[in-house]
Amino acid sequence: MMLEPKARDRSETARRDVVAGGIVVAGILLFVGTGGSVMQSVVQTLIGIGGGPDKVLSVALILNVALVLFGWRRYEDLNREIRERTEAEQRARYLADTDPLTGFLNRRALLVKGQRLIAEATADKRNIALFLLDLDHFKTVNDIHGHAAGDRVLQVAAERITAVLPPNATKARLGGDEFVAMLPFEPAARANIDAMAAALVTALDDMVTHDSQQIRVGASLGISLASDASMTMETMVRQADIAMYHGKDEGRNRHIWFEQGMEMAVQVRNQIETGIRDGMPRGEFIPYFEPQVDIATGRLVGFEMLMRWESPEYGLIPPERFIPVAEESGLIGELSLQVIGRAMEIAKSWDPSIILAVNISPQQLKDPWFSQKLTKLLVETGFPASQLEVEITESSLFENLPLVRSIVTSLKNQGVSLSLDDFGTGYSSLSHLRALPFDKIKVDRSFITAMRGSADAHAIVVAIVRLGESLAMPIIAEGVEDEVTATELTRLGCAKGQGWYYGRAASIDDTARLLADRGLLRAPVLPQGAPPASEDEPLRKTA
């Protein structure tokens with residue numbers, strides 16, 4: 001049987017050690033046997049009663065001393081080899097088990113040690129809490145500030161985790177920006193775990209300084225529980241991961257315990273994501289159009305495109321059911337451009353006075369190539385840029401204003417108009433209006449719907465309308481649901497409105513009928529040589 005290299009080395013070393021040991025033992029025995037006679041002869045010679053030690057015995061004694069010294073040297077060398085080998089093995093084990101950036105355990109080591117902790121804690125009638133912590137917006141840190149800044153954020157996060165948790169906590173970095181901590185605790189002390197989790201979230205919300213830059217990420221934390229030895233580490237990590245993403249859906253920067261219902265929600269989410277991936281190439285996602293009107297005259301001036309999912313299995317699915325999943329899974333960019341392209345093809349048949357307004361996801365504004373992709377759509381469909389209006393939500397400007405400025409400036413140069421959507425819900429509205437070339441302001445529907453019953457909401461709408469007048473930016477009111485609100489907006493000087501009072505989002509065919517009734521469809525372009533349509537022939541529907 002062939003031995004591995006390490007096994008052969010160890011076998012050879014052991015053989016040499018046995019031989020060397022035998023030689024040393026023989027040397028010691030000979031030294032004992034010859035040393036007495038030689039030393040006796042030496043002493044007798046010194047006192048003048050002998051003829052000196054026997055030369056052969058003297059040589060043997062010297063040889064025995066040399067053998068003993070050799071053995072001692074070999075013994076020291078052997079001890080040093082053992083120490084070096086032990087240290088090397090310990091170092092290799094440390095490197096194999098440890099994340100080099102933070103000094104925490106890695107995933108492999110955590111799974112092994114964690115299972116042992118579960119068994120030990122549950123045997124002592126104690127519970128184990130597993131924290132899974134994910135840094136919010138960490139990808140943005142790498143994209144904007146660079147990977148050195150990202151590494152610094154991870155190291156500071158590890159330091160803060162260590163500072164908050166007790167010494168007996170087991171800490172690990174799973175990879176990327178995910179951290180895990182395991183804590184044994186008494187079943188009656190669950191409140192202490194909640195307090196510790198809250199302290200972690202608070203600590204990780206503080207700024208991180210890197211090269212004179214102040215970076216803030218925040219964290220979302222999911223907690224799973226092991227109360228008996230049947231719980232596996234894989235299950236604990238999965239449950240904490242589910243809870244953590246549930247916390248992100250609820251607004252991030254918080255901690256939340258895993259509950260059984262969350263797993264069902266994850267399964268539903270996965271089904272939706274699979275449906276999106278399968279439905280896009282089949283053309284299941286379609287544009288709907290919500291009318292926008294001139295409030296003073298009631299004249300139709302445009303449509304806001306809204307997305308719907310026409311699922312063959314579940315029917316018509318509203319956007320709030322699938323848009324968040326598309327954003328989380330990274331599918332929103334492709335999905336949005338696909339539906340916008342289809343809307344452009346349809347809107348080519350509209351009168352040039354009718355504007356097509358499209359919403360842009362915050363995720364799309366993180367794509368440096370978004371402007372080029374939208375411009376390519378305009379070219380491919382032949383849709384006039386002057387008829388396109390891009391709506392950007394105020395909250396999407398918060399993360400990377402320089403990149404957004406580059407995108408919107410490029411679109412503006414193509415002739416596309418820009419609208420600041422959900423105005424009043426962000427953090428720095430005036431600075432955004434000054435920094436970016438917007439053409440219109442859309443007042444968030446929450447203020448419009450609350451106008452009749454809230455003096456504060458009414459005052460905010462008045463202030464926004466006056467601001468629009470001073471900046472020469474028309475104001476569009478969302479959520480106009482009754483005549484009283486429309487009349488008040490007219491009195492205030494609001495330019496345009498949309499909402500159920502003017503019409504709900506309609507299908508492609510219903511929108512075409514509405515435009516045809518108002519004479520706002522272009523005359524169809526006939527192939528060369530085709531006979532003209534008779535005057536009695538109705539306008540062709542777009543489909």
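This note goes through the predicted model point by point, from the overall fold to single residues.

1. Basis of the note. The model is predicted, and local features are taken only where pLDDT is at least 70, side-chain atom pairs count only at pLDDT 80 or more, and totals for chains, interfaces and linings use all residues. Residues are numbered from 1 along each chain as its sequence is written, and side-chain values use heavy atoms, with hydrogens and water left out.

2. Overall make-up. The protein has 17 helices and 16 strands, where helices (H or I, at least four residues) and strands (E, at least two) are DSSP runs numbered from the N terminus. Of its 543 residues, 43% count as buried, meaning under 20% relative accessible area, as against exposed at over 50% and partly exposed in between, with a 1.4 Å probe and protein chains only. Among contacts (heavy atoms within 4.5 Å) with a separation of 6 or more, 68% are between residues 24 or more positions apart.

3. The five-stranded sheet. An open sheet of 5 strands has the order β2-β3-β1-β6-β7 with mixed pairing, two strands being paired if DSSP finds at least two bridges between them. Its edge strands are β2 (170-175) and β7 (255-257), each of which pairs on one side only. The twist averages 20 degrees from one strand to the next, with axes being lines fitted to C-alpha atoms, for helices over the stretch in contact, and angles running from 0 to 180 degrees between N-to-C directions.

4. By contrast, β6 and β7 run parallel and are joined by 3 bridges, with Ile223 standing opposite Trp257 in β7.

5. Strand β6 is largely enclosed by the rest of the structure, because 7 of its 8 residues are buried. Helix α3 (residues 107-123) lies across β1, β2, β3 and β6 (219-226), and runs at about 145 degrees to β2.

6. Nonpolar cores. A nonpolar core is a set of buried Ala, Val, Leu, Ile, Met, Phe, Trp, Tyr and Cys residues joined through side-chain atoms within 4.5 Å. The largest one has 76 residues, and those touching the most other members include Ile276, Phe322 and Trp350; its largest share, 9 residues, comes from helix α10 (residues 332-347). A second, separate core of 33 residues includes Phe104, Ala158, Phe185 and Leu221.

7. A point to check at Arg308. This residue is found in strand β9 (residues 300-311), and Arg308 is buried yet has no salt bridge, since the nearest side chain of opposite charge, Glu320, is 6.2 Å away. A salt bridge here requires a side-chain nitrogen of Lys or Arg within 4 Å of a carboxyl oxygen of Asp or Glu. Leaving aside neighbours within four places in sequence, the contacts of Arg308 include Glu284, Tyr288, Pro318 and Phe322.

8. Thr511. Helix α17 (residues 508-517) holds Thr511, which counts as buried because its relative accessibility is 2%. Not counting residues up to four places away in sequence, Thr511 touches Phe289, Phe303, Trp350 and Ala506. Thr511 and Phe303 are 208 residues apart in sequence, while their C-alpha atoms are 9.2 Å apart in space.

Methods:
Lys and Arg count as positive and Asp and Glu as negative; His and the chain ends are not counted.
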